[in-house]
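This report describes strand pairing, chain contacts and helix packing.

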Amino acid sequence: MRIALALLAGSLAAAPAQAETLIASLSTSRVAITSNYTGASIVVFGAIERDAQTISRAGPYDIVVMVRGPRASIVVRQKEPMGPIWLNREQQRFVDIPYYVAALSSRAVEQVATDQLRTRLKIGLRGVVYSPEVSVFRGGEADGPFREALLRLQKQERLWIESARGVTFLTSSLFRSPVQIPAIAPPGNYEVDVMLFSDNVMLSRSQTNFELVKTGFEQQVAAVAREWSILYGLVVAAVALLFGWIASVIFRRD
Amino acid sequence: MQVYLPIAEIPVSVLLILAMGAAVGFISGLFGIGGGFLMTPLLIFLGIPPAIAVGTQQAQIAASSTTSALAAWRRDSIDLKLAAFLLGGGFVGTMLGVLFFALMRRAGQLELVIVVSYVSLFSVVGGLMLKESVSEFWRSRRGAARPVRRAGDHPAYLGLPFRMRFPRSKLYASVIPIVGLAMFIGFAGAVLGIGGGFILVPALLYLFRVPPAIVIGTSQFQILWTTLAATVLHAAINDAVDVVLALVLIVGGVFGAQFGARAGRNLRAELFRFLLALLVLAVGLRFAIELVLRPQEPFSLQILEIQP
């Protein structure tokens, strides 16, 4: 008992005195795609823990929640007139870019963190799309229109979401943030990155994830189509033959 | 009512797809064609990935041509010998088409290939059909008879080597143009998600002068087998067949086709050909406009790969 207390006291003393602890959790860790799936909504909950040693902050706390979906390789093409017709000419390739992004914060991300910090932590949609790893920066401004186009098109599909009021504080230390997943968001792993800021400094960070998975019939069909693709094709062909035959029996006129 | 498509990975409205299937089925029954050239663009417009629209549409055409091929079989209006040669060419063409499709998809040029092929193929075929039907119309107005075909009066391509007799089709011709035509249609069908009936029927009618009753039966028989082959190949090579989407399309199309076929019996032959020509031209024009007009959004995305 005495040893345990001593250990506890020791560990408390060793902990950095000033840092807040961020605890985050999701309403679910697995979203199932069923046959009537039309998108999902999950909620990120969190709490900021302080103790007696935590120094007091001058500014308010800011929370940024970044949800990043499965990574994709995307080509953005630009149509240009060539003679009378419009053809895809210039293109820019983006690799390892999340196909789904939700950038939710308690305040506009520009006010939460500096430009450099946002780029480094890939915060906000611009932080994602202007990240140096996802595409080649060309000389001057050549790649700018492609990055902006990707941002615009993904936002149109509601695959990329940004909201400066996406995180709400319930008390001064409790917050929640609802995340909308549209139906066209792909199955796979979704990382949830929760960050605590104050005065342009990141104080604490908590990462978790959830999975979007096909279940039941959808999962079996996808698995069969992938593993036994020839058999699957034969089954679809047989279904087509069967229905054609049924129709000819039903509508036979003689 | 929304249903999630397991391969396309998006939800669609079942009622909308059923209604579209029925409407296109009606038109296909009316004209005795597969209707793929209407359905595939509609599916792409609805947001189904082009590859899956093309692959899945093959299953629907297979189903609707099963019905018509069975009817033709009962009427005994299939020239099996001609069909065997068409099938041989059709299978090779389909195989090449599916491989070409996979290649273009990997190169990221599939969309362009589909649009350009639609424009060129449909304007040419539609234009020829329109010309034919208009000149026929004027001839019948003036009361002049169609020029009578005399023995020994046939185009040069029928006289190439490997000539063969097709008694049911009243045809004595080289098999080279027959197999070549079938290969071309199989190829175009697999790439564009069409059965190719609207090319095969006029080609057999006008180029090979096969009797109309035999043309319809034989082409339906040929389309049935090539689309079945294309369905299996698209599933095996391109993972581009969605069974749920196929099922909804088949059910809608099969019923629509029956009502279309009934309505078609009251349509006069010249008017019928004229309307079909307009329809084909309209689809070609629709794609041409897309190619020519300044796009509202000059940028487009193509997803090459998503790692789950």
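Strand 5 of chain A and strand 5 (residues 299-307) of chain B pair in the antiparallel sense over eight bridges. Two strands pair if DSSP finds at least two bridges between them; strands (E, at least two residues) and helices (H or I, at least four) are DSSP runs numbered from the N terminus. Within this pairing, A:Arg71 stands opposite B:Gln307.

The model is predicted: local features need pLDDT of at least 70, side-chain atom pairs count only at pLDDT 80 or more, and totals for chains, interfaces and linings use all residues. Residues are numbered from 1 along each chain as its sequence is written, with chains lettered from A and ligands numbered from 1 in the order in which they are written.

Between the chains, 50 residues of chain A are in contact with 47 residues of chain B (C-beta atoms, placed from the backbone, within 7 Å). Helix 7 of chain A gives the largest share of chain A's side, 15 residues.

In chain A, an open sheet of four strands has the order 1-3-10-9, with antiparallel pairing. Strands 1 and 9 of chain A stand at the edges with a single partner strand each, so one side of each is left without a neighbour in the sheet.

| Antiparallel strand pair | Bridges |
|---|---|
| Strand 5 of chain A, strand 5 of chain B | eight bridges |
| Strand 9 of chain A, strand 10 of chain A | two bridges |

In chain B, helix 4 (residues 80-107) and helix 6 (residues 175-192) pack at an angle of about 35 degrees, with their axes 6 Å apart. Axes are lines fitted to C-alpha atoms, for helices over the stretch in contact, and angles run from 0 to 180 degrees between N-to-C directions.

Definitions and conventions:
Two residues are in contact if their C-beta atoms, placed from the backbone, lie within 7 Å.
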